[in-house]
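Please look through the structure shown here before reading on.

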There are 2 protein chains.
Amino acid sequence: MSELLVVGSVAFDTIHNHLGSHARILGGSAVYASLAACQLAPVRLVGVVGKDFPRGAVDMLRGRGIDTTGLEVANGETFHWEGRYADDLTSRETIQTDLNVFADFEPKIPPAFRDSPFVMLGNIAPQLQLHVLDQIENPTLVIADTMNLWIDTALDALKELLTRVDILVINEEEARQLTGFHHPLAVAEALRALGPETVIVKRGEYGALLFLDEDIFCAPAYPLKAVADPTGAGDSFAGGFLGYLSESGHTDLRQAVVCGSATASFCVQDVGVGALVELTREDVQTRIRDFRELTSF
Amino acid sequence: MSELLVVGSVAFDTIHNHLGSHARILGGSAVYASLAACQLAPVRLVGVVGKDFPRGAVDMLRGRGIDTTGLEVANGETFHWEGRYADDLTSRETIQTDLNVFADFEPKIPPAFRDSPFVMLGNIAPQLQLHVLDQIENPTLVIADTMNLWIDTALDALKELLTRVDILVINEEEARQLTGFHHPLAVAEALRALGPETVIVKRGEYGALLFLDEDIFCAPAYPLKAVADPTGAGDSFAGGFLGYLSESGHTDLRQAVVCGSATASFCVQDVGVGALVELTREDVQTRIRDFRELTSF
């Protein structure tokens, strides 16, 4: 098993959805990805929180085997996002974003983390993602997520980042925005021309597409009867994906994509990180078998 | 091989899209479905055209082995639809609909067609679909398509129809409209409660879901670099699906779904029926193998 460094946001989310209002629950890309990966591989978390961040949350992360040495506690309050989902959960509006200590976040990779072979750059400013990479010695595999905000406001830095990552994980809508193309093969070709050897296009409730050279893999999302909360699904996917590759001996990207989809399917079945904090390797393995049954013909 | 009866619209389509304007090209649900099925099974077409319908189009259908005995020629002009697609082809607006002879269409099943074991009820008014079923002796398998227009205007007839079909093929958006649910398992459960043992939810560029008892199968759409024209994709899917089952010895619904997806993927690569009129069984078989490569892990 290889160590997996996860860098991203650590946040409180206030979520209003069809189930009610959920005030100041634990969230953030680094939290979702770390919890998704931790039953597969040793996770090293890097992020920033404020003085208000509860001891219990840190204990929970540590209890899941996550190394929180890189969780900086800064003067001020923890990043807080508040949003409201449409009843069908396919769209959401932001009510308020309080960056707080996250506004001045400069990821500092602890010396003991600099040899991390696997690196996940969660969805933060590409300048910060680059700053993380500058501190890592010789990573085996770097995976990055991004979002429309950075396409709009930090395109040059994003393009520089893309020349330095092995795998880009991106939402389909944002991939279309970044490339100007609509159809999957054209989108993937344009993204790979920007640098990453491998591209994973996340399609939400429709699954994910993996592009590596001429090879294409299409993974469904797990069909559910109900979804509680899609927050963090993409980060859980990435965490499950990279966690699988960090587990000893795995090199099969297709299996890793299915592991990511399986992990994300648990995530959305509960509000916030509720499902992830209880997830076991066995749960994930069982669902991977379900995916095989779901797709074989 | 068992005979496959296809009932639906036969039309001229005027299509405006990113490639230009295509005036009065051959279309209609029965035409797309018949051309999709004809290299797999003997197809019996039932529809209505006007006096303006060109001999050459009938000859083309016959040349593909389609029995046009049931193609009624009525006084008046052929059904004509004109529409414009958005550049990304994910939406379209109707500019004009001239029902013409289709307004008074009452499908008459020729005596020689009444023993058809496989019946495809293309997307026409559910009252007409019921009228077709009344004329069939003892079908082995009945499959029906429908659309939002009939959910809005003929819900009672549609519900009666659903108690008499084995397989419902329906767009995801329309399935959500009909059931009031969003997530796939809830949608499928509600649809199956209306009658059909099997439900296929078409998701356009995201593929299709098959629900049969507790069994769920998820088929992707074939990833393309470019799409010329999505018109008829759903009908081609249904034609390829049922054509596969009509081919001798096939009972595997999963394989049939993949055959439908493969057939539809050819359809959208050319404008109108351009790709379907040249499609061979071998083309479809090759693409079915591509689907296996695309989904296996």
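**A sheet in chain B**

Strand β6 (residues 79–85) of chain B pairs with β7(B) in the antiparallel sense, over 6 bridges. Two strands count as paired if DSSP finds at least two bridges between them. Strands (E, at least two residues) and helices (H or I, at least four) are DSSP runs, numbered from the N terminus. One bridge partner pair here is Glu82(B) with Gln96(B), the latter in β7(B).

This is a predicted model, in which local features need pLDDT of at least 70 and side-chain atom pairs count only at pLDDT 80 or more, while totals for chains, interfaces and linings use all residues. Residues are numbered from 1 along each chain as its sequence is written, with chains lettered from A and ligands numbered from 1 in the order in which they are written.

The pair belongs to an open sheet of 4 strands in chain B, in the order β3-β2-β6-β7, with mixed pairing. At the edges are β3 (20–27) and β7 (92–98) of chain B, each of which pairs on one side only. From one strand to the next, the twist averages 15 degrees. β2(B) and β3(B) run antiparallel and are joined by 6 bridges. The two strands form a hairpin, with 2 residues between them. Phe12(B) has Leu26(B), in β3(B), as its bridge partner.

**A buried residue**

Strand β2 (residues 11–17) of chain B also holds Asp13(B). Is Asp13(B) buried or exposed? Asp13(B) counts as buried because it has 23 C-beta neighbours inside 10 Å. The cut-off for buried is 20 or more other C-beta atoms within 10 Å of the residue's own, against 12 or fewer for exposed and partly exposed in between, with C-beta atoms placed from the backbone. Beyond its neighbours within four places in sequence, Asp13(B) is in contact with Ile25(B), Gly27(B), Trp81(B), Thr231(B) and Gly272(B). Contact means that the C-beta atoms, placed from the backbone, lie within 7 Å. Ile25(B) is 12 residues from Asp13(B) along the chain, and their C-alpha atoms are separated by 5.2 Å.

**Helices that cross**

Helix α1 (residues 29–37) and helix α8 (residues 233–246) of chain B have axes that come within 7 Å and cross at roughly 40 degrees. That angle makes α1(B) oblique to α8(B). Axes are lines fitted to C-alpha atoms, for helices over the stretch in contact, and angles run from 0 to 180 degrees between N-to-C directions. Under 35 degrees counts as roughly parallel, over 145 as roughly antiparallel, 65 to 115 as roughly perpendicular, and the rest as oblique.

α8(B) also meets α9(B): their axes come within 7 Å and cross at roughly 140 degrees. Here too the angle makes α8(B) oblique to α9(B). The residues of this contact divide into 12 nonpolar, 7 polar and no charged. In this classing Ala, Val, Leu, Ile, Met, Phe, Trp, Tyr, Cys and Pro count as nonpolar, Asp, Glu, Lys and Arg as charged, and the others, Gly among them, as polar.

**Where the chains meet**

The contact takes 24 residues from chain A and 24 residues from chain B. On the side of chain B that touches chain A, at least two residues each come from α7 (184–193), β13 (215–219), α9 (253–267) and α10 (281–295) of chain B. By class, this side of chain B has 16 nonpolar, 4 polar and 4 charged residues.

Conventions:
Contact = placed C-beta atoms within 7 Å.
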